[in-house]
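Reader: I would like to learn how to read the features of a structure like this one. Please take them one at a time, with the general idea before the case.

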Amino acid sequence: MLRERRAVCRYLSTLSNIPSLSVCLDNGWRIGDLKIQTGLNYAQPSTQRGRIDVNSVTNWNVPLVWEGTFDPVVVDAIYKKMNPRVAVLVFAVGNYIRFLKGLLESGEKYFLIDFRVTYYIFTDQEEDVPKITSQIKMGRGRKTSVVTIPSASRWQDVVLGRMKWATITIEKQIRDEADYAFMMDIDSVFYDRFGAESLSQLTAVLHRGYYKDTKRDQFPYERRPTSKAFIPYDEGDYYYTAAMLGGYLEDMYKLVKHCYMQSLEDEKNKIEAVWQEESHLNKYLLYNKPTKVLSPEYLWSDYDEEPDDIQVVRLSQLIKNYKEVRPNGGQ
């Protein structure tokens, strides 16, 4: 029944004279009332104590999440009552399949524990995935699903293809199986708790390389006006990573489809955005503000030492030989 209702809503959205939201009462899972069970033990919140070394709110008044700005006991208790179905989209293409085991093993230790999670593994080596996933002890309500996609001859095509295949697979499959979605790079590993404080309508993560004192005109945005990802030098909030993002499934669908379509327009015009889908992502998030911003704790890198303001690393990109793992040798 849900599939049919959503199909009707999608059809109505194509009719310019009928606003779909006015007739479609079910627009998918949403964050509801912030309820907790009685008797939950947690520390009393304070109006006088907290992080003073970092900013914890954006200038459009949404949370900028750091360690010490939330109580994990309270946050997880609230969202577990809502019981969302969470999709995690990862791409294990070519030699990157070697990172799948580490991501899944660490995810089952730290990522949204006791939530319903499905890891959607996009791969050109579908016969090898069961050999890896059979070694992972999955928690209750957690599973994997394999999505077969073609190989690529350039790493840039793998990156750009993520938005394409995410769009197609949400339309054909995930829309009926999940309420919330994350996309994350597979060459990453969880090192610490990554919980429900990450959930919102549209969640973005600050890029570790540009979050401190970088001026907007120094962000590595696409600066060529001929690209659909173009951002003028006098505009910009933050620089976001494309290696971790999340949101309500339908909001993520709008984001990935937009980036996919914009990259197609660039291809027609014989231009490729400087940082591929990350450039289109930053353009989208500049004009469609995220409802929550996560600090670089939520995607760090094993290449870098942690400064004092990074009190915990929750997810980190692994050190790797790019010439070995990328299909065109990292070029």
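Author: Start with burial: a residue counts as buried when its relative accessible area is under 20%, and as exposed when that area is over 50%. The model here is predicted. Of the 331 residues of its protein chain, 50% count as buried.

Reader: What does the accessible surface of the protein chain come to, and what part belongs to carbon and sulfur atoms?

Author: The surface comes to about 16500 Å², and carbon and sulfur atoms hold 50% of that area.

Reader: How many helices and strands are there in the protein chain?

Author: The protein chain has nine helices and eleven strands. As for contacts between residues at least 6 apart in sequence, 78% of them join residues at least 24 apart.

Reader: Which residues of α4 are buried, and what covers them?

Author: In helix α4, residues 100-110, the buried residues are L100, L103, L104, S106, G107 and E108. Their cover includes the strands β2, β3, β4, β5 and β6, together with the helix α5. Just after α4, L112 has a positive phi of about 40 degrees.

Reader: Next, aromatic rings. How is a pair of them described?

Author: By the distance of the centres and the angle of the planes. Two rings pair if their centres lie within 6.5 Å. The count by this rule is 17 aromatic pairs. In one of them, W60 and Y238, the ring centres are 6.0 Å apart and the planes stand at 55 degrees, so this pair is tilted.

Reader: Where do W60 and Y238 lie in the chain?

Author: W60 is in the loop between α2 and β1, and Y238 is in the loop between β7 and β8, so the pair ties together parts that are 178 residues apart in sequence. W60 has a relative accessibility of 19% and therefore counts as buried. A pair with another geometry is F190 and F194, which is edge-to-face, with 5.7 Å from centre to centre and 90 degrees between the planes. F190 and F194 are both buried.

Reader: Which charged residue sits over the ring of W60?

Author: K289 does, with its charged end 5.0 Å from the ring centre of W60. Elsewhere, R223 lies over the face of Y233, at 4.3 Å from the ring centre.

Reader: Now a charged residue inside the protein. Is R162 buried or exposed, and which side chains does it meet in polar contacts?

Author: R162 lies in helix α6, residues 155-172. Its relative accessible area is 6%, so R162 is buried. The side chain of R162 makes a polar contact of 2.6 Å with the side chain of D185, and another of 2.7 Å with that of E277. Leaving out residues up to four places away in sequence, R162 touches F91, M183, M184, D185, A242, A243 and E277.

Reader: Where does I310 lie, and which residues does it touch?

Author: I310 is in the loop between β10 and β11. I310 is buried, at a relative accessible area of 6%. Not counting residues up to four places away in sequence, I310 touches W66, Y211, P296, E297 and W300. From I310 to R208 the distance is 9.9 Å, C-alpha to C-alpha, while the two are 102 residues apart in sequence. W66 and E297 are also in contact with R51.

Conventions:
Residues numbered from 1 in each chain as written. Predicted model: local features only at pLDDT ≥ 70, side-chain atom pairs only at ≥ 80, totals over all residues. Heavy atoms only, no water. Contact = heavy atoms within 4.5 Å. Phe/Tyr/Trp six-rings, centres within 6.5 Å; stacked < 30°, edge-to-face > 60°. Helix = DSSP H or I, 4+ residues; strand = E, 2+ residues; numbered from the N terminus. Buried < 20%, exposed > 50% of the residue type's maximum accessible area, 1.4 Å probe, protein only. Lys NZ or Arg CZ within 6 Å of the ring centre and 35° of its normal. Polar contact = N/O pair within 3.5 Å; in protein donor to acceptor, adjacent residues only side chain to side chain. Areas by Shrake-Rupley, 256 points an atom, 1.4 Å probe, with all protein chains shown as cover.
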